[in-house]
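The sequence and the structure are shown first, and the description follows.

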2 protein chains.
Amino acid sequence: MDIKTFSALAEPNRFQIVELLKNQSYSVNDFVKILKVRQPQISKHLRILNNSGLVNVKPVAQKRIYSLNPDAFIELNNWIISFERSWTSRLDNLEEYLKLSKQEG
Amino acid sequence: MDIKTFSALAEPNRFQIVELLKNQSYSVNDFVKILKVRQPQISKHLRILNNSGLVNVKPVAQKRIYSLNPDAFIELNNWIISFERSWTSRLDNLEEYLKLSKQEG
DNA sequence: AATGTATATTCCTTGACAAGAATATACTCA
DNA sequence: TGAGTATATTCTTGTCAAGGAATATACATT
């Protein structure tokens, strides 16, 4: 799991961008209009999202169409799933700790 | 989805703490030894993880035992699942964009 | 009560990052 | 090619968060 994914999602505007891309693809200017954030900041945010692997770009004439990169979400999903035991198991964590620390001495 | 979860996970030490807690619970001093980070920073990181809802605390004598909070991971899982369409659908995003933007005019 | 152990908090400094402003680059079409 | 549209980059500034050092708080044991 690459930590860059989390820092990319930790910024409100970027999180919003990802939420929007859940439904469809958008150009840079689309985000400018929708989020009411100036174009340079949108471009910067998109670059960070792109570097983190969360989004893809495709140039269409002068426009650049951004979309979600499924791979990033698959990786994220796999990571979450690796915690499944921690939310399905009804084992009391405190007892577990005491048991384990007793083993260690 | 609360964005604080992402900023909490975006810091390397905190990410490591969460990874460790996947397997068992730990006290503050356990993290100090394992991660080789000074105690005050560990406490600070744990506070942030606690505020974001990712971990729980239980006092045991002088120790404070930290464990994962399943609720946070369930929420995270639900959020990821809401993207399932974006990684299962083989619909080409570019075509999708062109189609939608044609509708809008 | 005194001492030791475990953890939390405060203050300070420094580095990272977001926004603003200005500018550069890329592509299109007349 | 020149003008217009779309996007990216650079530079600067202000803010926030992380780490270090010192200190405070909480509990335990004698």
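## The surface near DNA strand C

In this predicted model, DNA strand C is surrounded by 19 residues. The closest of them are B:Ser27, B:Val28, B:Asn29, B:Pro40 and B:Ser43. Elements of both chains supply at least two residues each to this surface: H4 of chain A, and helix H3 (28–35), H4 and S3 of chain B.

H4(B) gives the largest share of the surface near DNA strand C, with six residues. Sorted by class, the residues near DNA strand C are five nonpolar, eight polar and six charged.

## The surface near DNA strand D

Around DNA strand D there are 20 residues, of which A:Ser27, A:Val28, A:Asn29, A:Pro40 and A:Ser43 come nearest. Two or more residues each are given to this surface by helix H3 (28–35), helix H4 (39–51) and strand S3 (63–68) of chain A, and by helix H4 (39–51) of chain B.

Here the largest share, six residues, belongs to H4(A). The surface near DNA strand D consists of six nonpolar, eight polar and six charged residues.

## The relation between the copies

Two copies of a chain are related by a rotation about an axis and a shift along it. In this model, chain B is superposed on chain A by a rotation of 180° with 0.0 Å of shift along its axis, and the RMSD is 0.0 Å. This is the relation of a two-fold axis.

Which residue of chain B comes closest to the rotation axis? It is B:Phe6, whose C-alpha lies at 2.5 Å from the axis.

## The sheet of chain A

Strands of a sheet pair through backbone hydrogen bonds, either parallel or antiparallel. In chain A, three strands form an open sheet with antiparallel pairing, and their order is S1-S3-S2. Strand S1 (26–27) and strand S2 (55–60) of chain A are the edge strands, each pairing on one side only.

S1(A) and S3(A) run antiparallel and are joined by two bridges. In this part of the sheet, A:Ser27 stands opposite A:Ile65 of S3(A); A:Ser27 is also among the residues that come nearest to DNA strand D. The antiparallel pairing of S2(A) with S3(A) extends over six bridges, and A:Lys58 has A:Ile65 in S3(A) as its bridge partner. S2(A) and S3(A) also form a hairpin, with two residues between the strands. In the turn, A:Ala61 has a positive phi of about 55°.

Methods: Residues are numbered from 1 along each chain as its sequence is written. Chains are lettered from A and ligands numbered from 1 in the order in which they are written. This is a predicted model: local features need pLDDT of at least 70, side-chain atom pairs count only at pLDDT 80 or more; totals for chains, interfaces and linings use all residues. A residue is near a molecule or strand if its C-beta atom, placed from the backbone, lies within 6 Å of it. Helices (H or I, at least four residues) and strands (E, at least two) are DSSP runs, numbered from the N terminus. Ala, Val, Leu, Ile, Met, Phe, Trp, Tyr, Cys and Pro count as nonpolar, Asp, Glu, Lys and Arg as charged, and the others, Gly among them, as polar. Copies are superposed by least squares on the C-alpha atoms of residues with pLDDT of at least 70 in both. Two strands pair if DSSP finds at least two bridges between them.
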